[in-house]
Amino acid sequence: MKIVAVTACPTGIAHTYMAAARLEKVAKTLGHDIKVETQGAMGIENKLTENDIRQAQIAIFAVDIAVEERERFNGVKVIQVPLQEALKDPHSIFAKIQR
Amino acid sequence: MTQRVGTSLEFAFTCSLSDGLHARPASHLAEAANDFASESFLTNLRTGSTASLKSVLAIISADVRHGDRCAVQVRGTDEQAAFAALQRFVEQVLPGCDVPLAGVSPAAGSGTLPRILQSAGVKFCFGSAVTAGIGQGKVVQLTGMALPTSLSARTAIDSPSELAQMKRALAAVRARIGEKLAHLQSSTEAAVLQADLAIASDVSFAAKLTEHIAQGKSAGQSVVEAGEFFIDLLRHSESEYIRERALDVEEICLQLLEEMYGRDFQSAALELNEPSIVVAETLAPQQLLGLDRRWLKALVLEYSGATSHAVILARSLGIPTLVGVKSARAVIPPGQEVIVDAVRGFVVTELTPAVERFYERERKTLASRQDFSPLQTSGPAITADGRTLEVGANASSHDELTVAFENGADGIGLFRTEMAFLQSDRPPSEEEQFAIYSEAARGAKGRRVIIRTFDLGGDKAVPYLDLPAEDNPFLGYRGVRIYAEYRGLLQAQLRAILRASAFGQIQIMVPMISSLEEVLQFKNEIEEAKRDLERKGISFQQDIPIGIMIEIPSAGFILDQLCSELDFFSLGTNDLNQYFLAADRDNPKVTELSNVLHPGFLRFLKQIVEEIHRAGKWVGMCGEMAGEIRHLPLLVGLGLDEISVPPSQIPAVKRALSQLSAADGKRVLDDMIASRDKLAIENLLDRAQAMQSAQPLLSKELVRLGSESKNKEEAMQEIVDAFYIAGRTEDRQRLEEALWLREAAYSTGVDYGFAIPHCKTEAVVADSVGVLKLSQPIDWGLVRDKPVKVKMIITLAVREPQSANRHLQVLSKLCRKIEDEEFREHLLAVENAHDMATYLAEQLEISLH
């Protein structure tokens, strides 16, 4: 499955990046194709393009703050979870997608 | 409305002050009245009570309220001038006397309990730390100087004899204070005695005493009642200064009683014979000086003033001091062992094992910090790029000189001499001055002592000089300008300074120079003093260096002329800035404008320093601008030869200087000079501060393995302490709070036994990574309702990030790497701090230097 994701936390210097790494790792083991955009203290990195988003079947927002440029995701199915969940129990997020 | 009534001049006014003529305006009014020989009285037309305008106590007791009509009468030799000045004062100045006083800002943090102590349920009470430090010892209470009430019961036998006894006592007390004043070395003490003398001489205090005796009370009872009356009045003033005067009244009353009854009513000097914490409502400086400083570990005062004489003294002597500790005497019982934390602002009143453990760790932290980055108390300050800057001290008293030299002053950049002139109703003799100056010269042991000739006039009125009250004293008759009229005084001082020059490296500096003529005239005076001494065969240093304070802008534009006549210069930035920007820094309405960081002012300073250096002459700075650590990059950038700062500041200034680079300072100065707005200037200073510590993200000092911390609170504290020891933060409390704030959102614990506490805060001087590996796993809070145990804590602290910050990239890389099992395994396996730092640096591709 093609997945796009956004991670973001209030301070934007630690968990944003840990969560991104975690989602990438778990997706890989589950055989998904994922691209994770980080919205942290350095701004938006690894930015999702219009093309990335159009091709994705689902978007995961693992965020504790509002997603920037949210309008990019209009028309895409979005699962939003607290960022902590991506760190604590990433498998459950992917389980939700399967359903 | 002006008219002549009988033989006096009179005018009337309506009190427009919302709180009436309370202590603060009253003190201004009395000051104005005391500028003149004429008697002046105020009559409250509502109550009919009349008060001498020369007595603060009397004016307050006239109870003038908002809207009261008052009459002022002036009578005496200079009544015309007095009348004009008082009328002008009442009409123009008095209505503005109600502007709130600038608040007293305590020096250090006032009261947040560290998390460890909070969670340990420790008993404590808060106060404001005015001298930082930590002291532990047994509580000794000073019960204060409350007037003995037993005397109220005495009945008078014979009013005239009671009156005579009282008058004798007053005269004796005055004489005794005068006697002490005449034989005094320490100016701090002199200021205190001067205040006492003012009370003992206060006309309405005497009147009140007489009034009580006339009512048939005994002299003792009258003293107690009059004392209580005035103390009560003064204590209720909202002026800090006036509240302080209540202590002086009490002091005088006790001395009077002692004089009359021959008993020692003062609480006897406390004997300390073990580490002690002195707890008191308040303290007279004499009491503080009477305490054995070997055993005095800290002071705890209920009274909240940060500017009382005792507090100022405690600060200059470096005694950890808390003020404003409510009901301290009630809640901190004598004999109890307590810890005074005058770093954080509280007293721990019960030493539980948790407290002992906390302060045990704290002592180690403070000692480690001292080892890692010692406060420099000797040798010159050398910047990181090798430039030397002399750090001198500003001093005006014996005590300050002592502290200055203990703290490693390279010299005395400004020795003020006014104190000796202000503390008595006659000028100091040549001999008295010689004693003071030669002692300073000897104490300096070869170091430079710059003695400034008297700067009287202006705001410093002296009873024996017939200086007129001026509309604009700062632009008036002061400093060098009065020397021609008071040649005798000047000659005596110059002879005293010259004679002292035989005992050390003395330099003469003259204040308020605006023209070359003044310099030439002053040099003639010095020649005359030299000839005088030569005739008498008294030795002195022939080529004593002569310099000026640069405080009038005009001096900065004739430097070519001045340099050819003088040996050195010192920038008196307080007055220079005020004259340059036409803004009085004590006037709250324009304080904002009086800004030493004004680009125009900085340009002016730069120009001055460059021109003096071109002429090969020496230039220092002795204004308050020099004492602020924040300003140091600028001062180094200016290329000054010396800065002169308050004595207690010297070690901190020297340490900070050793971390600065002159080249960076020059860049900061140039950027600031080019700045177009205030905010940009502040930012530049902030950045200079961070630049000061161009430190790598990680160093081995920030890595601690084998930590014995037993819980999250202790671990956090240990991390913050490690940052402090390594010089990454000067504000542990703020850093710790920033980290806890983040934890409040949700625990930064992650699985695999790691935690990543982090924060953005200006409390760190450089972006930093800290590593703490625990001997035993500890709880790191709940993550999704499940407790997490952690063994490895990696702390990230960054300053408010600039965009595209490389440090942030490294940190994000680090966070991503924690997901990598091999990386984690390696971190857990590493055995020493050096290897840990090296491994992390490799993995993150960063340098440790």
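Strand E17 (residues 448-452) of chain B is largely enclosed by the rest of the structure, because five of its five residues are buried. A residue counts as buried if 20 or more other C-beta atoms, placed from the backbone, lie within 10 Å of its own. Strands (E, at least two residues) and helices (H or I, at least four) are DSSP runs, numbered from the N terminus. The model is predicted: local features need pLDDT of at least 70, side-chain atom pairs count only at pLDDT 80 or more, and totals for chains, interfaces and linings use all residues. Residues are numbered from 1 along each chain as its sequence is written, while chains are lettered from A and ligands numbered from 1 in the order in which they are written.

Student: Which residues of E17(B) point the other way from B:Arg448, B:Ile450 and B:Arg452?
Tutor: In a regular strand the side chains alternate between the two faces of the sheet. In E17(B), B:Arg448, B:Ile450 and B:Arg452 point one way, and they are buried. Those pointing the other way, also buried, are B:Val449 and B:Ile451.

Student: Which residue in E18(B) does B:Ile451 stand opposite?
Tutor: Two strands pair if DSSP finds at least two bridges between them. E17(B) pairs in the parallel sense with strand E16 (residues 411-415) of chain B over three bridges, and B:Phe415 stands opposite B:Ile451. With strand E18 (residues 505-510) of chain B, E17(B) pairs in the parallel sense over five bridges. There, B:Ile451 stands opposite B:Ile508.

Student: In the open sheet of eight strands in chain B, which strands stand at the edges?
Tutor: The order is E6-E13-E12-E8-E9-E10-E11-E7, with mixed pairing. Each edge strand has a single partner strand, so one side of each is left without a neighbour in the sheet; they are E6 (124-126) and E7 (128-131) of chain B.

Student: What is the bridge partner of B:Ala129 in E11(B)?
Tutor: E7(B) and strand E11 (residues 321-323) of chain B pair in the antiparallel sense over three bridges. In E11(B), the partner of B:Ala129 is B:Leu322.

Student: Which residue just after H20(B) takes a positive phi?
Tutor: Helix H20 (residues 573-581) of chain B has buried residues including B:Leu576 and B:Phe580. Just after H20(B), a positive phi of about 55° is taken by B:Ala582.

Student: What percentage of the residues in chain A is buried?
Tutor: Chain A has four helices and five strands, running β-α-β-β-α-β-β-α-α from the N terminus on. Of its 99 residues, the buried ones make up 42%.

Technical notes. A residue is buried if 20 or more other C-beta atoms lie within 10 Å of its own, exposed if 12 or fewer, and partly exposed in between; C-beta atoms are placed from the backbone.
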